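Dear colleague,

Please find below the structure that I am handing over to you, followed by a summary of what was found in it.

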Amino acid sequence: MQPGTGTCKPRASLKRSKILHMALMGTSDPSGEAEASHEKPFVLRALQIALVVSLYWVTSISMVFLNKYLLDSPSLQLDTPIFVTFYQCLVTTLLCKGLSSLATCCPGTMDFPTLRLDLRVARSILPLSVVFIGMITFNNLSLKYVGVAFYNVGRSLTTVFNVLLSYLLLKQTTSFYALLTCSIIIGGFWLGVDQEGAEGTLSWTGTLFGVLASLCVSLNAIYTKKVLPAVDGSIWRLTFYNNVNACVLFLPLLLLLGELPALYNFPQLGSAHFWGTMTLGGLLGFAIGYVTGLQIKFTSPLTHNVSGTAKACAQTVLAVLYYEETKSFLWWVSNMMVLGGSSAYTWVRGWEMKKIEEEPRPKEDEKSNVEV
């Protein structure tokens, strides 16, 4: 198609739509399903997908339960949520650097980028790192004050903030059907808060931290797309710099909030079990980024979001069973509204993106017919 024919506008619009989709819904191109998977036998592909999804579920659910233990266990009695988050960032930093060194020393053994700390790059992604710190800190603080069963409802407004920020920052309007799914999520959130209050287990502090975590998750997705060019588009380099910056920025917070004296007086400070559990939490925090990317690679961003919603449902049921809690019918309805609304939003956005991708084609065909 020749330049200047007016066909560049649909392409530009399509590009902006793809970027928005990648920033607010997933972590890769919406059309980026693994092309190579079509060459493999169906049974092998099904087994691979089942294994990857299972790995994502086990890693994510284990991380939530382990963090709950570290942050709010009566047997541990460790009241240092910022230190727990700092240590997990430190483990991730060391793992990234270790894997980078291993890939350099033994080329061909693994595919991992070379990591060298560049202060100019670290400064360029500092705004993202601040949002990243808010995301992981508010996530952990929310988990500290609310139960695992309510955790997903408490931080369920990410989709709503996605829509709001896409309008405020990207000037992107949202369809009626997408807004309808958001209203279902908001309704489920408020019903969940109401039911937690009725049962006497509501923590307004934990709920507020959950809302702030949702906001930071949305901002993190947008800022990630902005700073990726600074690290040559490498998610691993971005992970490394984000966690290095986080470790540095957490140090004054540890001093200001008085967590270092509390940690010094912690009776299990010399316990191998304690440090082993802390390190396992860091390993799971590192692994969740890898298995998330793996799930998207073997399925699609849309399937990843659906899998995440199903995982949240399973996690809620497991939490109720594990902690032997009794929940009312309306409490379960609130969870179903949140999960159903999130799934419906994912489906609507996927359908809209597919429609946008297909729109320019008939126009180009019509144009070529006119030219002929």
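A salt bridge is here a side-chain nitrogen of Lys or Arg within 4 Å of a carboxyl oxygen of Asp or Glu. By that definition K68 forms a salt bridge with D72, because their closest N and O atoms are 3.3 Å apart. Please note that the model is predicted.

Both residues of this pair, K68 and D72, belong to helix α2 (residues 42-72) and are four residues apart, about one turn of the helix. K68 is buried at 9% relative accessibility, whereas D72 is partly exposed at 39%.

The structure holds seven salt bridges. In another of them, R349 pairs with E352, with 2.7 Å between the closest N and O atoms. These two residues lie in helix α14, three residues apart. Both partners are buried: E352 has a relative accessible area of 12%, and R349 has 10% relative accessibility.

A further salt bridge joins K327 to E199, at 3.5 Å between the closest N and O atoms. This pair links distant parts of the chain, 128 residues apart: K327 is in the loop between α13 (301-322) and α14 (329-358), and E199 is in the loop between α8 (176-198) and α9 (204-227). K327 counts as buried at 16% relative accessibility, while E199 is partly exposed at 29%.

As for the chain overall, it has 15 helices and zero strands. Of its 372 residues, 45% count as buried. The accessible surface comes to about 19300 Å², and 65% of it belongs to carbon and sulfur atoms.

With kind regards

Terms used: Residues are numbered from 1 along each chain as its sequence is written. This is a predicted model: local features need pLDDT of at least 70, side-chain atom pairs count only at pLDDT 80 or more; totals for chains, interfaces and linings use all residues. Side-chain values use heavy atoms; hydrogens and water are left out. Buried means under 20% relative accessible area, exposed over 50%, partly exposed in between (1.4 Å probe, protein chains only). Accessible areas come from the Shrake-Rupley method with a 1.4 Å probe; for residues, only the protein chains shown count as cover.
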